[in-house]
Amino acid sequence: MALNIPGLIVTIVFYLLVLGIGIWASIKSKRDENETQVNHADTLLLGNRNISLVVGIFTTTGVTMSVILDLSYTVSIWISAAVAITYTLMGGLYSVAYTDVIQLSLIFITSWLCVPFLLMSPTSVDITTTSFNHTFQAPWVGTLSADRAWRWIDIFLLLSVGDLGFQDFHQRTLSASSSSTAKLRCYAAAVLIPTFGIPPVLIGAVAASTDWNLTSYGSPSPFERGQTGLILPLALHHLTPPYISVIGIGAVAAAVMSSIDSALLSAASIFSSNIYKKILRKKASENEIRWVIRISVVLFGLAGTSLTFLHTGVMAFWVLGGEIAYIMMFPQLVCVLFFSFSNGYGATVGFLVGFFLRLSCGEPLLGLPPVIHFPGSTLEDGVYVQYSPIKTICMLVTFAVILLVSYLSSLLFTKEVIPDKWDVFQVKVQHTAYTQLSTEDDNSQL
């Protein structure tokens, strides 16, 4: 297949548009920084806590080029990464937030624009007839048996509650101009996010209802070839007119870049603020932190892009990141917010216990066999599959360990059973400060 020139032109225009908005946002961030004389790191990482409600709503929500444009996989990945790294490097959260507006607008408009053409494809049958009937493949709705119910509940909790542990979510809420604005962002995003998920579901249903032998793709189907991960670009390319598939490039490319820039800024902020500033260089100057953020964006961008070429695929890393947030970060977030006695000892031990417990449960995507076999573990096609809610079990164990170790360590240090010189996390100081604060609050209420 020859290079898709119209598609290439549309993609270049889209990338130039996004890059231009990113550069404009970086100029705006520098102007605001000079006018308000605020901390430069605060401007880069939190947008000077002045991101408007509309922009914040968009930024809280969210391989196509190689399929549709017939560019090599490597070239497509590096082009997308280079654009995202460039505007994130220049403007920080300002650039990420304002480019997300155009990116997510394109996702919403173009994805819904493609749906009618897919539903009217002459090679596809009515998706309602294939929802529960075996036509070209198994029914796309699927069934939920009793032995799989706990696994579905496990995945649902990971995708819903586990996302609260992601740093980029809190970065967006902290960038709000007020607490009420932050709350409105979350409520609005909760309503908008499901609308972005409807077109992919419909596209998947159409793909499952298509006789691929009648398309330019041919047979066997993508499902039989193991290319279900590429079903979106394949459906756009083979089931819609050329001009619609070209427009669809914008939707998927926007979705990819919206995720890339958020991940880059999140990783850079964690390293610069939580590791470099608080552990490695506590007396680092403002200019030094500025360069650390810039270098971090580039290094994390290059490292993340390189990981996409491993044979395990991007999906394995997405699953790994989601489970880390759910099993090891979410319990710590809850403990910090609602349990005053939680401390560094509990967080450290809980993290390690949760990490090794999850490894012991195994993970087929990473080729890890299970050491612990929970009830319902079965061998399917030579791979052990755990049907128990292992992710939630690991999360609850982590949560319990954090509370238990925090309580015991606090008790041992405050009772001076263990000498103060061994108190690395200064639990006794933390306990004394909290007691004084509680006493002052009680007196003020009187």
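**Helix pair and nonpolar cores in a predicted model**

Colleague: Why are α16 and α17 called roughly antiparallel to each other?

Modeller: In this predicted model, the axes of α16 (residues 344-361) and α17 (residues 390-414) cross at roughly 155 degrees, and since angles over 145 degrees count as roughly antiparallel, the two helices are therefore roughly antiparallel to each other. Their axes come within 7 Å, and the crossing is right-handed.

Colleague: Which residues of α16 and α17 meet?

Modeller: Contact means heavy atoms within 4.5 Å, and among the residues of α16 that meet α17 are Val349, Val353 and Leu357, while those on the α17 side include Val397, Val401 and Val405. By class, the contact of α16 with α17 has 13 nonpolar, six polar and two charged residues.

Colleague: What makes helix α12 mostly covered?

Modeller: A residue is buried when its relative accessible area is under 20%, and seven of the nine residues in α12 (residues 231-239) are buried, including Pro233, Leu236 and His237.

Colleague: Which residues touch the most other members of the largest nonpolar core?

Modeller: In that core of 14 residues, they are Leu118, Val206, Trp212, Ala235 and Leu239, and the elements giving two or more residues to the core are α6 (93-119), α10 (179-208) and α12. Leaving aside residues up to four places away in sequence, Leu118 touches Ile203, Val206, Ala235, Leu236, Leu239 and Thr240. There is also a second, separate core of 12 residues, which includes Ile327, Phe374, Cys394 and Met395.

How values were computed: Residues numbered from 1 in each chain as written. Predicted model: local features only at pLDDT ≥ 70, side-chain atom pairs only at ≥ 80, totals over all residues. Heavy atoms only, no water. Axes fitted to C-alpha atoms, helices over the stretch in contact; angles between N-to-C directions. Helix = DSSP H or I, 4+ residues; strand = E, 2+ residues; numbered from the N terminus. Parallel < 35°, antiparallel > 145°, perpendicular 65-115°, else oblique. Left-handed = near helix turned anticlockwise from the far one by under 90°. Nonpolar A, V, L, I, M, F, W, Y, C, P; charged D, E, K, R; others polar. Buried < 20%, exposed > 50% of the residue type's maximum accessible area, 1.4 Å probe, protein only. Core = buried A, V, L, I, M, F, W, Y, C linked by side-chain atoms within 4.5 Å.
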